[in-house]
Structures are given as structure tokens and as C-alpha cells.
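Here is a friendly tour of one protein model, meant to be read with the coordinates open beside you.

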Amino acid sequence: MTKLVSEYGYASTGESFSIADQNELWYMELIGKGRYEKGAVWVARKVPDGYVTGHANQARITTFPLDDPENCIYSSDVISFARSIGLYTGEDKDFSFSDIYDPVTFSGARFCEARVWSFFSTVMGEEWSNQYLDYAQGYNLTNRMPLWVKPSKPLSVADVMQSMRNHYEGTALDTTGKLFSDVGAGAFSYPNRLSPVTWTTPSYPGNKYFNERTIAQPPTGWNIVCQSRPGVPRQMAALMWYGIDDSSTSVHFPVYGSVTRIAPGWAGKGPQDGVTPPMMEFSLDSAFYVFNLVSNFAYSRWDAIYADVYSEIIAKENTYFALVEEMDAKVVDVIQSGRVDEAIEMMTSFSENLGQELLKDWFTFFGKLFVKFRDGYVTTPAPHVPVCGCETNSLPYQQQWYDRIVEDTGDFYKVPKGREHDRPAIPKSQLRALL
């Protein structure tokens, strides 16, 4: 990577990378040299065994060891380049990559580092979370979080998937309106906010406001959990759990790293291939649009619909965990017998078929959701009801929303006392025509 950047340049501002093989994980930050010269400056640090790290669009490496190549490597000019352009005049040992090349601002903390804080909080607990809350909020930029933390127990693949569904629920940055009043959550505890992230209003001139930028986001193109697995043949060491669209509403299905094909519904070409993708053409053969059907329907009544979506996601992923375990055993036997090409085809067909099946299953699931939650009601099967074989119940607003309606509108919707009848209502299903 660094050789290519040095030779061809880096036409971007900066990026962070997780780089892993079967034995170790490195965290790398790279920032382009911009108009000054071709190339980039970078630092990479080895993550200690038993620790987890996180990064989210903000440089996090501060000072780093200059003489420990087993655990830290860096570009030869990472410090001298900063000196040459007037960014740094101190001693080498005090050089901080983040503070010099990408200083943390309120935006960097609240919109980027807060996501790392939320992930770390889930594995470290409330005491740790409170220790760095003011930093995540952007109020104390000197209270930097550690580059990595050590959880009390190893994280599973399911744990990592769960962390990617995070909207800061249950924290001081909760966006659902459940912990504190927040009109932005609407009537249905919706955790996402519309763009832009920052905004102003003429009613409060001179002030700028913001929306939280949580881990899970609606405009996500794709999200992925990558496993680099020790103790297995290298052809099956890389296992990618691939999800599309919003990471809180996507199902991750397994794709072996050595596959030679992918499921048609998940395939496509883009600008990197010299092709403009058909984003303006809706297709039920596209996993992207089928998953968007489910996610966008869930957004319309998050408090009621998402529980069903989440339950279906977990059921699917648990099934895939079991299927991978079975497939792994088969693939190992084939590879150990010397039939590597056959093993690669087995893994390819396995991932390809699961992808296509998931696409079909998810559209069927959308239909079930639509039938159940259409028109603001909850409709469930009831074979004993001859009218439709179903029961329909109202899905009222949450009590706090009714309170807000009264607070905002006063007596506008108030029923005058003494003018309403108290006759019991008769369900329409019990009415009979007169003959």
C-alpha cells in the first residue's frame, strides 16, 4: 500500500485501515501530502492480543514508539515532512500524528470519535463510558480515549455485528427520545436524523446546531464484518460477513475470501469499472433495493416494526453461523485431500447460493411486514375470524407523544365535556344486516 502511494500519489485527504492476517492485526492511519508533494505520511501500530480498537473518520494515533518496529512502523518522513511545511517544531519523541496532521475538533469528536466511544462503551461498561463522555461530546478535546481497550472477554462475530447496529441507545447521546425529550425522534422513537449533520434556523440567528452521527446510518452502501481465522487452511481463512444498506437493518451472510463468483443480486459494476451503476432503476433482483424496502418501511414506524426486523436478522445470522460450521468441516476435508480447486468451488457455490436465497427471503419478509403493519395498524393471523382470517388492532402513539400534542396544541383537539356519548362501541365484525 505504502509503495503504491509513494509511486502514484494519494488523491485523498486521509484514511484509516484495519490490516490483518491469521495471526495479527495492525491499525494504520495515512494522510495525503496534498499540494506539497506526491505521496502520503503514515503510521501503523500493532494491536495487542486481547484488545480491540476502533476508528471512524478521525485520526486517533497520537505519540508512537519510534524504535519498536515489531509493533510500530511509519513513513520515514512522517515527522520531517511536518517540519518542512511548518506544522511541527518540537522533539521527535513528542510528535503526535493526530494532533499535527488531523487535530481533533468538536466535529471530529462528536461525529467521529463518539462512534468509537459508543463501541468501546459497550465492551468496557458504564464507568469507562462516563470517563470519556465529555470527550465524545466534543466538550473536552484533551481527554483523548486510548487507541485500544481490553474487554473482559473476547468478542464474538455476533458481538461485532451487534455493535454495528448501534444508535447510541441507552447512552447520554441516545437519539431515540426515550431517555430525554427529543422532537427529532418523532412519534416513533426513530433514531436517525435527516441530512445535513449541521443546520441553522432563522428563529435562532447566529447559532449552529447538529444531529448525532451514529454508527448505523440509513445512507450506508454496504457494511462488512471480516474474520481472519487462525488454525484453518489459508484458502478459507478469510470469511467476510457481508451486509448491504443500513447496518442496523441488514443481514450479514458469509462470503469466503477465495470465492470466484458472487450472487447475481449482490453483484454489479461501478465507476471503478468505467460504468455508471443503475441506481435510478428500481429492481427486485437487486439486494440493495430489496433491503431498502425493509429498512425504509421500518423507518416509518420504528418503535413497532424494528423489533420484528431485528428478530428476523438474528434468526438469519444464527442459521448462517451453523451452516458455516458445517461447511468449514467439509472444506477442510477436501483441501486436506489435495483437491483445492474443488474446495474453492464448494465455498463459491455455498456463498453464492446463500446470497440469492437471502435476497428472495428478504423480499418475502418485506411482504409479511407490510401485511402486518400497513395503515398504522397491527394485523395478525386469526383463523377463527371469518371476515379475513385476521385480527387488526390499533397501534397508538406512545404516551409521551400524546402529551406533546396537548402541550403544543392546547385545547385545539380537546373534546368538550358533556358533548361526547358514552354508548359502547360495537365492533364492525359483530354487526349483522337486517333482513
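Serine 16 stands opposite glutamate 29 in β2. That pair belongs to a predicted model, so please read every value below as computed from predicted coordinates. The protein has eleven helices and 13 strands, and its C-alpha atoms fill a box of roughly 95 × 65 × 45 Å along the principal axes.

**Overall picture**

- Of the 435 residues in the protein, 41% are buried.
- Taking contacts between residues at least 6 apart in sequence, 61% join residues that are at least 24 apart.

**The four-stranded sheet**

- Strands β1, β2, β3 and β5 form an open sheet in the order β1-β2-β3-β5, with antiparallel pairing.
- β1 (14-20) and β5 (72-74) are the edge strands, and each has a single partner strand, so one side of each is left without a neighbour in the sheet.
- From one strand to the next, the twist averages 15°.
- Strands of a sheet pair through backbone hydrogen bonds, and the pairing can be parallel or antiparallel.
- Between β1 and β2, which run antiparallel, there are seven bridges.
- A hairpin of four residues connects β1 to β2.
- Besides the opening pair of serine 16 and glutamate 29, glutamate 15 stands opposite leucine 30 in β2.
- In a regular strand, side chains alternate between the two faces of the sheet.

- Lysine 33 is found in the loop between β2 (25-32) and β3 (40-46).
- Is lysine 33 buried or exposed? Its relative accessibility is 6%, so lysine 33 counts as buried.
- Leaving aside residues up to four places away in sequence, lysine 33 touches Lys38, Gly39, Ala40, Val41, Asp77 and Phe81.

**The three-stranded sheet**

- A second open sheet to look at has three strands in the order β9-β10-β11, again with antiparallel pairing.
- Its edge strands are β9 (222-228) and β11 (253-256), each of which pairs on one side only.
- Neighbouring strands in this sheet are turned by 30° against each other on average, with direction ignored.
- β9 and β10 (residues 238-244) run antiparallel and are joined by seven bridges.
- Within that part of the fold, glutamine 227 has leucine 239 in β10 as its bridge partner.

**Helix α10 and the helices it packs with**

- Two packed helices are described by the angle between their axes and by the distance between those axes.
- The axes of helix α8 (residues 287-300) and helix α10 (residues 340-373) come within 9 Å and cross at roughly 25°.
- That angle is under 35 degrees, and α8 and α10 are therefore roughly parallel to each other.
- The crossing of α8 past α10 is left-handed.
- On the α8 side, the contact involves Ala287, Val290, Phe291, Leu293, Val294 and Phe297.
- By class, the contact of α8 with α10 comprises 15 nonpolar residues, no polar ones and no charged ones.
- Helix α9 (residues 302-336) also packs with α10, at an angle of about 165° and with the axes 11 Å apart.
- Which way do these two run? The angle makes α9 roughly antiparallel to α10.
- α9 and α10 cross in a right-handed sense.
- The contact of α9 with α10 has 21 nonpolar residues, no polar ones and seven charged ones.

**Proline 151, in another loop**

- Proline 151 lies in the loop between β6 (148-149) and α7 (157-163).
- With a relative accessible area of 10%, under the 20% cut-off, proline 151 is buried.
- Which residues does proline 151 touch, not counting those up to four places away in sequence? They are Gly50, Tyr51, Val52, Val123 and Met124.
- Proline 151 and glutamine 58 are 93 residues apart in sequence, and their C-alpha atoms are 22 Å apart in space.

Conventions
Residues are numbered from 1 along each chain as its sequence is written. This is a predicted model: local features need pLDDT of at least 70, side-chain atom pairs count only at pLDDT 80 or more; totals for chains, interfaces and linings use all residues. Side-chain values use heavy atoms; hydrogens and water are left out. Helices (H or I, at least four residues) and strands (E, at least two) are DSSP runs, numbered from the N terminus. Buried means under 20% relative accessible area, exposed over 50%, partly exposed in between (1.4 Å probe, protein chains only). Contact means heavy atoms within 4.5 Å. Axes are lines fitted to C-alpha atoms, for helices over the stretch in contact, and angles run from 0 to 180 degrees between N-to-C directions. Angles under 35 degrees count as roughly parallel, over 145 as roughly antiparallel, 65 to 115 as roughly perpendicular and the rest as oblique. A crossing is left-handed if the near helix is turned anticlockwise from the far one by less than a right angle, and right-handed if clockwise. Ala, Val, Leu, Ile, Met, Phe, Trp, Tyr, Cys and Pro count as nonpolar, Asp, Glu, Lys and Arg as charged, and the others, Gly among them, as polar. Two strands pair if DSSP finds at least two bridges between them.
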